[in-house]
Amino acid sequence: MTDLRYLVALAHERHFGRAAEKCHVSQPTLSVAVKKVEEELGIQLFERSATEVKITETGRRIVTQAEKVLMEASQIQEIAAAGKDPLAGPLRVGVIYTIGPYLLPRLIPRVHRLAPRMPLIIQENYTARLAEALKRGELDVIIISLPFEEAGVVAQPVYDEPFRILMPADHAWTGEAAIDARHLAEDQLLLLGAGNCFRDQVLEVCPSCRNVGGLQRTLEGSSLETIRHMVATGLGVTVLPSSAADEWSGLNPLVAVRPFAEPQPSRRVALAWRVTYPRSGAIDVLRRAILDSELPGVTPVGRV
């Protein structure tokens with residue numbers, strides 16, 4: 001099992017030093033173990049050079065199987081822990097970048113109150129990377145935005161969150177009670193970088209922003225926090241989830257928030273976990289804590 005973990009780590013890191021660090025062993029220890037596995041199997045799994053490590057096609061298939069074996073083996077400890085107390089022991093939680101900064105400060109004290117012996121190990125990342133970590137057994141549950149479909153994974157909706165328009169405090173739109181989404185193409189729109197699901201959701205709200213002229217008038221930021229500050233400087237307008245917008249206008253006099261005209265665009269946020277994950281009680285506590293967090297503007301959905 002230890003050798004399999006070394007193979008998986010090397011396949012992911014493509015570097016002996018980083019893989020060894022991830023496994024908390026010395027580089028020679030990991031290198032010798034990988035070489036031993038190759039000799040036992042009678043096949044080369046990795047191509048080594050002075051600058052990089054590449055995995056062979058057969059190696060890729062073996063690593064995929066190793067990941068499955070490791071995930072199934074981890075279920076033994078999880079089942080035993082769940083049989084004792086599902087609320088005892090760490091819960092490994094993944095959350096996408098556009099949810100984490102606004103949910104976590106409210107969520108953590110509520111989880112601690114409901115399950116004081118269940119600390120959270122938190123990873124922020126993009127949806128695709130969180131999904132891979134979940135399937136590999138590196139995460140227990142992830143908080144993502146729908147749609148989301150993965151084999152062997154169940155997704156449970158938790159809340160709907162409307163979108164808001166954030167603008168400089170002296171913007172002409174501040175005279176409006178609600179903003180038509182089509183107006184976004186008329187201004188300089190600040191967006192997250194390509195590959196972020198929230199960027200795609202914003203472009204769905206304003207399809208005309210996808211054309212060449214509209215995209216030429218957009219600027220990209222690395223995070224919603226960065227974009228909020230760019231709006232405060234007067235650079236342009238942006239679209240934010242209500243959890244990132246509704247309370248910020250009261251804290252920063254340089255910006256104003258307005259809702260969209262009906263029908264208001266929104267996103268549905270969900271919890272997702274492997275169907276075989278045994279600590280259902282931990283998932284229930286996490287969901288309850290999210291709803292107890294009472295994020296501004298959101299509406300609970302699904303099972304209560």
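Student: Let's begin with helix H12. Which of its residues are buried?

Tutor: In H12, the buried residues are Gly281, Ala282, Ile283, Val285, Leu286, Arg287, Ala289 and Ile290. Keep in mind that we're looking at a predicted model.

Student: OK, and what covers the buried residues of H12?

Tutor: The cover includes strands E3, E5 (141-145), E6 and E11 (266-274), along with helix H5.

Student: How does the span of H12 compare with what its 13 residues should give?

Tutor: It agrees: H12 runs over residues 280-292, which should span 18 Å at 1.5 Å a residue, and the end C-alpha atoms are 18 Å apart.

Student: Which residue with a positive phi follows H12?

Tutor: That's Glu294, with phi near 50°.

Student: Switching to the start of the chain. What does UniProt place at residues 1-56?

Tutor: The UniProt record, an unreviewed entry, has "domain: HTH lysR-type" there. In the model, residues 1-56 are 62% helix and 11% strand.

Student: Which residues of H3 are buried, and which are exposed?

Tutor: Leu30, Ala33, Val34, Val37 and Glu38 are buried. Looking down the helix axis, the buried residues of H3 fall within an arc of 135°, so they line one face. On the other side of H3 you get Pro28, Val32, Glu39 and Glu40, which are exposed.

Student: And what covers the buried residues of H3?

Tutor: Helices H1 (2-13) and H2 (16-23) are included in the cover, and so is strand E1 (46-48). After H3 comes Gly42, which has a positive phi near 75°.

Student: New topic: ring pairs. How many aromatic pairs are there?

Tutor: The count is two. One of them is Tyr97 with Tyr126, an edge-to-face pair at 5.0 Å centre to centre, with 80° between the planes.

Student: Where do Tyr97 and Tyr126 sit in the chain?

Tutor: Tyr97 is in the loop between strand E3 (91-96) and helix H5 (100-114), while Tyr126 is in the loop between strand E4 (120-125) and helix H6 (127-135). The pair links distant parts of the chain, 29 residues apart.

Student: How accessible are Tyr97 and Tyr126?

Tutor: Tyr97 is partly exposed, at 34% relative accessible area. Tyr126 is partly exposed too, at 32%.

Student: What about Phe163 and Phe198?

Tutor: Phe163 and Phe198 form an edge-to-face pair, 5.1 Å centre to centre with 75° between the planes. Phe163 is in strand E6 (residues 153-168) and Phe198 in helix H7 (residues 197-205), 35 residues apart.

Student: Are Phe163 and Phe198 buried or exposed?

Tutor: Both are buried.

Student: Last one: where is His171 found?

Tutor: His171 is in the loop between E6 and strand E7 (189-192).

Student: Why does His171 count as buried?

Tutor: Because its relative accessibility is 15%, and the cut-off for buried is under 20%.

Student: What does the His171 side chain contact?

Tutor: The side chains of His171 and Asp187 make a polar contact of 2.5 Å. A polar atom of the His171 side chain also lies 3.0 Å from the backbone nitrogen of Trp173. Leaving out residues up to four places away in sequence, His171 touches Asp187 and Val237.

Definitions and conventions
Residues are numbered from 1 along each chain as its sequence is written. This is a predicted model: local features need pLDDT of at least 70, side-chain atom pairs count only at pLDDT 80 or more; totals for chains, interfaces and linings use all residues. Side-chain values use heavy atoms; hydrogens and water are left out. Buried means under 20% relative accessible area, exposed over 50%, partly exposed in between (1.4 Å probe, protein chains only). Helices (H or I, at least four residues) and strands (E, at least two) are DSSP runs, numbered from the N terminus. The arc is that of the directions from the helix axis to the C-beta atoms. Contact means heavy atoms within 4.5 Å. Rings of Phe, Tyr and Trp (its six-membered ring) pair if their centres lie within 6.5 Å; planes under 30 degrees apart count as stacked, over 60 as edge-to-face and the rest as tilted. The expected span of a helix is 1.5 Å times one less than its number of residues. UniProt positions are given in the numbering used here, feature names are shortened, and annotations may be inferred rather than shown by experiment. A polar contact is a pair of N or O atoms within 3.5 Å; within protein, one must be able to donate a hydrogen and the other to accept it, and residues adjacent in sequence count only if both atoms are side-chain atoms.
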